[in-house]
Amino acid sequence: MQNEVPPRLEMTGITKQFPGVLANDDVSFAIKRGEIHALLGENGAGKSTLVKMIYGIMRPDAGEMFWDGAPLKARNPKEARRLGIGMVFQHFSLFEALTVLENIALGMDGGLSSRALEARVREVLKAYKLTLDPHRVVSTLSVGERQRIEIVRALLLNPKLLIMDEPTSVLTPQEVTQLFKTLRQLASEGCSILYISHKLNEIKELCDTATILRGGKVVDECDPSKETSKSMAEKMIGGDLKAVAKGAERQFGEVQLAVRGLSLGRGHDFGTALKDISFSVHSGEIFGIAGVAGNGQNELLAALSGEQHAKADGVIELCGKPVGTSEPSTRRKAGLCAVPEERHGHAAVPDYSLANNGILTARHRRELVRSGLIKHSASHDFADEIIAEFGVMATGSKATAGSLSGGNLQKFIMGREILQTPEVLVISQPTWGVDAGAAAFIHQALVDMAQAGSAIVIISQDLDELLALSDTLSVINEGVLSAPMDVENASIEEIGLLMGGVHGETADSAKTLPTKPEAEHAVQV
Amino acid sequence: MQFRFEKRAEPSRIMLYATPVAAVLLTMVLGAIIFTIIGYDGIGAVREIFFTPLTNSLKWQDLAVKAAPLIIIGVGLSIGYRANVWNIGAEGQYIIGGLAATGVALLTQNMSGWWILPLMGIAGIAGGAAYVAVPAFLRVRLKVNEILTTLMLTYVAVNILNYLVFGPWKSPTSFGQPQTVAFNESQSLPYIIEGTIVQAGAPIAIIVALVAWFVMSRTIFGFQINTVGSAPKAAAYAGFSANKTILLALFISGGLAGLAGMLEAAGPFGRMVPQFPSNYGFTAIIVAFLGRLHPIGVLFAGIVLAITFVGGEVAQTTIALPNAAVGIFQAMMLFLLLAGDILIRYRVVRVVVAKGREAT
Amino acid sequence: MSTTLLIAMLITMIGASTPILLAALGELVVEKSGVLNLGIEGMMLTGAVVGFAVAYTTGSPWLGIGMAALVGAAVSMIFAFLTLSLSANQVATGLALTIFGTGFSALFGSEYTGKPLELFKSVFPAGLAEDPYLRLIFGHSPLVYFSFFMVFAVWWFLSRTRAGLILRAVGENDISAHSIGYSVIRIRYGAVAFGGAMAGIGGACFPLLLTPQWVEGLTAGRGWIALALVVFAAWRPLRLLAGAYLFGLIATVELYTQAAGGVFRIIPTELWASLPYLATIGVLVLISLGRSTNANAPACLGKPFEAGH
């Protein structure tokens, strides 16, 4: 019935080549008016590249794009916005030190006076029932509020197409519900939405159509409501899902890591204070810590690794010995290895060879240094060992860490710590940015390590990952760690509420809150 | 034809070492052109500044004398810069090192013995290190930018020097000249080759560079300095204390500048005079960069910059080129070197410009 | 102390602070855009020699100032090209610019050594400009009024205009500014050019406003003090005015106490001469004791931006 109306956006045969990677290979699809269209794919499937071309940040090497039937000629984001294309980035392009209003003004091309702009902003906020104070400085806002700025900024331009790049990766389940309401209202007003995600449940709940990308190619276009999460996941990954062999008969041993009443002030202006954190992890146990980004995960990891000292030595006990105020090297020697979230410049030095990156943390446990002198050949051997055992794609131990892809560097770092066979391993985001194959490999390595008797702490924002791996789970919110729960008995609603900062509610009372239970939430990808 | 930069997968080691050489060569070409345009004998200037000191064997001794302090200070600065601490006040630490050594000399005026020179050396090192201690502690304790504090203290050091040689340290037999008494034999550096002006400074400079090379490439301390400088968060994670590293790096650079000051005072100057600040401390910054912050690179870069110093003096007498021209040549060298840095991480590729597309 | 002496001292103070103020205002804008140009001293020296040469040969101080601004901006473009287009290290490039400016000014200044120049005096009628009281208002060089105007102009630009907002945004988060569609590199080129022009004018103040002759290295580290002032002022133009006057005051006190002799002779001249530098260190220490002001520092200050390649 809409045959004569051209689609809002049509892509035909889009191809984009980067040095060494074919990011998009003959991609074609169309978005109708008022449609919520999902672009589904793993990290590295080519979603972001595609979007950057629509938004005018990049240009395709081949293929054509049509906007309302006419060729799309946006040479930069400004021109794209003028055509009515709005975009909300995964990593917000916000200015911390500026106010909400100033941030919005920067995204507008017209010369609206700040008073007129404020009036328009308030109008939009009202129309979509969003709460946001235009005069607040961004650095004081929560992640959800920050995303709202981006959305308002896009809405002010009366977009005909709104691109949302992984919008929910940093939101609590409750914030997600609110976001979906806004998006549905927009779509009902005729705005098309291109929704980029790898979260299957969300796509099932929200989207009318899904285009699935794998390795830069369109592998399928489907109606998500007629698919199961499992079937879409298989298309996205291109194979049967492999479950992690968890080894159910694992026996827990002695307490290897005990934290009692750990409190730390905010390290810097945008940091989170840790408040009275206590937990313990046994030999053989995997302890998961869930939570939305920026709730104290990095501070907790720093306190455990020794980059930050606790107030008293006894606050952290490692294999029965107090280490709360010891240096990282001392803790490593005593059996605690840690991997921070950020790979480049924190867990690894990009300009250093893999051999030197080995020296960084393994110099004591692998004896790569003797009486102040570096044993260069031993460090190269160690790097080669990691490369071989963890299947790191690298030219050798002399390759710089910066030359490795994200997934390979992650494998290298994980290998570096695991091969030191620590009694306690603390990792943040073990599979962030890693492809499914590598993720499965890392997961298996962690489970095997626990099996062999190590105590493991995993800090992750990926709830599915935590549910699959951990034996015990806690949630961190604003620097407070919830009481640990047995993963077998944990409920998604309860975890979601804890992530959103609702403390002290029991699972029962939580269920009375008006949150929609989201089906199949725990599908493991 | 258009070109653009394309990121390399790995930094190019060839470019790392080729660009300093290219920068020196390009400085000669551009320098000749520019100085011809502004009305000097451009080709003559390049010939006298860069080649005469090498071809004229009488100038070789001068080279050794000038290169020694540049290398010693340059090695210290390069260690500091690797730790990402920007001591640009080496000139001040050099002056204070020289003054500390002079202080010892004045106290031991009527004494003799083998121990006096080493004592002056220790005083020089301690003086330079002590003078950088203020910026060092301010940086570590209060996060005060060391660039500004070290530089400010250089101006203060010049005033301290003037105060002493015009006042309490002025020689009673100097007929009103602002200078100290001449150092005696036990207070002066020995000549290493009879009949030349080359004193012990030159071999000391080579030893300093070799020791620094060993420390920076073989020891965990060198690894620590590099890590703190290039990735501070990774350094903290690896268990290296940033504050200790910064303090040590600054003390080393200050101490070596002080040592250079002592060697100059007890060597070519033989007494303390207001002309003691010779810009070595500032030129050594260029030396450190041209040497790629590598002790052996600094050794060569020190010689290159010494050539321009000696050559500048030659050009002044032979073709009446103002001495300031040398400064311009040196600055050009640093500019071109920094410009060439991009070739380490990027390669230049030719862009085939398609219709309707503009290269960005 | 008589009122006229106080007025004379105030006028000296305002004059002595003007070159630092102008150069620091320029650097403030540069830093707000996220660039750290340590070459102020070099650009000031370049401006000083050009200002002197042009004013001396043409007899027009206006022309001298205009050329100082132009040449200051021109040499700042060397810095801009290296750091912005070729992403060279900003600290090292700034130092190179200072070494260059020092050599350049020494080379071209040598022929002007010992030649007399007329000071750029007040353009108001003598009745106003030389009145012992009214000269506090009318007795200044046009350069002084220009510096007042620029304090206001920079404040207004940064806090009240859209262009100023964009410039601050670029200094705050260059990657975001780029992704919204602003040309980070072009905006920074503009800021660096402005900083160069202001440093050039600030340098020209030395022969035209303070001592009417050419002396090699006459800026004596004032460019570096200007850098410290920007930190002291927490990147706020009005606080910059206060900071610059503090340094003008120190210079004035030094001048008057030396002239007065007597008891002031006890303190060696070298200590007086060291005072501005020691005060700079003192000011930096004070600033870092009061942590909060650093929150106003542009987040991208000194970091290279490479999205352009």
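Trainee: Let's start with E19(A). Which residues point one way from this strand, and which the other way?

Mentor: First, a reminder that we're looking at a predicted model. The general idea is that in a regular strand the side chains alternate between the two faces of the sheet. Here A:Val424, A:Val426 and A:Ser428 go one way, while A:Leu425 and A:Ile427 go the other, and all are buried.

Trainee: How many residues of strand E19 of chain A are buried, and what does that tell me?

Mentor: Five of the five, residues 424-428, are buried, so the strand is largely enclosed by the rest of the structure.

Trainee: And its partners? Which strand pairs with E19(A) over four bridges, and which is joined to E19(A) by five?

Mentor: Over four bridges, the partner is strand E16 of chain A, residues 336-339, in the parallel sense. In that pairing, look for A:Cys337 opposite A:Leu425. The five bridges go to strand E20 of chain A, residues 455-459, and that pair runs parallel too. There A:Val426 stands opposite A:Val457 in E20(A).

Trainee: Now a single residue. Is A:Leu9 buried or exposed?

Mentor: You count neighbours: 20 or more other C-beta atoms within 10 Å makes a residue buried. A:Leu9 has 24 C-beta neighbours inside 10 Å, so A:Leu9 counts as buried. You'll find A:Leu9 in strand E1 of chain A, residues 9-18.

Trainee: Which residues is A:Leu9 in contact with, leaving aside its neighbours within four places in sequence?

Mentor: A:Ala30, A:Ile31, A:Ile54, A:Trp67, A:Leu161 and A:Ser192. For a sense of sequence versus space, take A:Lys160: A:Leu9 is 151 residues from A:Lys160 along the chain, yet their C-alpha atoms are 9.8 Å apart.

Trainee: How is chain A divided into domains?

Mentor: Domain 1 covers 9-237, domain 2 is built from 242-335 + 422-525, and domain 3 is 351-419. The centres of domain 1 and domain 3 of chain A, over C-alpha atoms, are separated by 39 Å.

Trainee: On to helices. How many residues of helix H11 of chain B are buried?

Mentor: The background is that an α-helix has 3.6 residues a turn, so residues three or four places apart point the same way. In this case, though, 11 of the 11 residues of H11 in chain B (280-290) are buried, so the helix is largely enclosed by the rest of the structure. Among them are B:Tyr280, B:Phe282, B:Ile286 and B:Leu290. Following H11(B) comes B:Arg292, with a positive phi, near 60°.

Trainee: What does the secondary structure of chain C come to?

Mentor: 13 helices and zero strands. The radius of gyration of chain C is 20 Å, close to the 19 Å the globule rule gives for 309 residues, so chain C is as compact as a globular protein of that length. Of those 309 residues, 52% count as buried.

Trainee: How many residues does each chain bring where C touches B?

Mentor: Chain C brings 37 and chain B 38. H4(C) has the largest share of chain C's side, 12 residues. By class, that side has 25 nonpolar, 11 polar and one charged residues.

Trainee: And how many residues of chain C are in contact with chain A?

Mentor: 13, in contact with 16 residues of chain A. H8(C) gives the most to chain C's side, six residues. By class, this side has six nonpolar, four polar and three charged residues.

Technical notes. Residues are numbered from 1 along each chain as its sequence is written. Chains are lettered from A and ligands numbered from 1 in the order in which they are written. This is a predicted model: local features need pLDDT of at least 70, side-chain atom pairs count only at pLDDT 80 or more; totals for chains, interfaces and linings use all residues. Two residues are in contact if their C-beta atoms, placed from the backbone, lie within 7 Å. Helices (H or I, at least four residues) and strands (E, at least two) are DSSP runs, numbered from the N terminus. Ala, Val, Leu, Ile, Met, Phe, Trp, Tyr, Cys and Pro count as nonpolar, Asp, Glu, Lys and Arg as charged, and the others, Gly among them, as polar. A residue is buried if 20 or more other C-beta atoms lie within 10 Å of its own, exposed if 12 or fewer, and partly exposed in between; C-beta atoms are placed from the backbone. The radius of gyration is taken over C-alpha atoms; the globule rule is 2.2 Å times the number of residues to the power 0.38. Domain bounds come from an automatic or database domain assignment. Two strands pair if DSSP finds at least two bridges between them.
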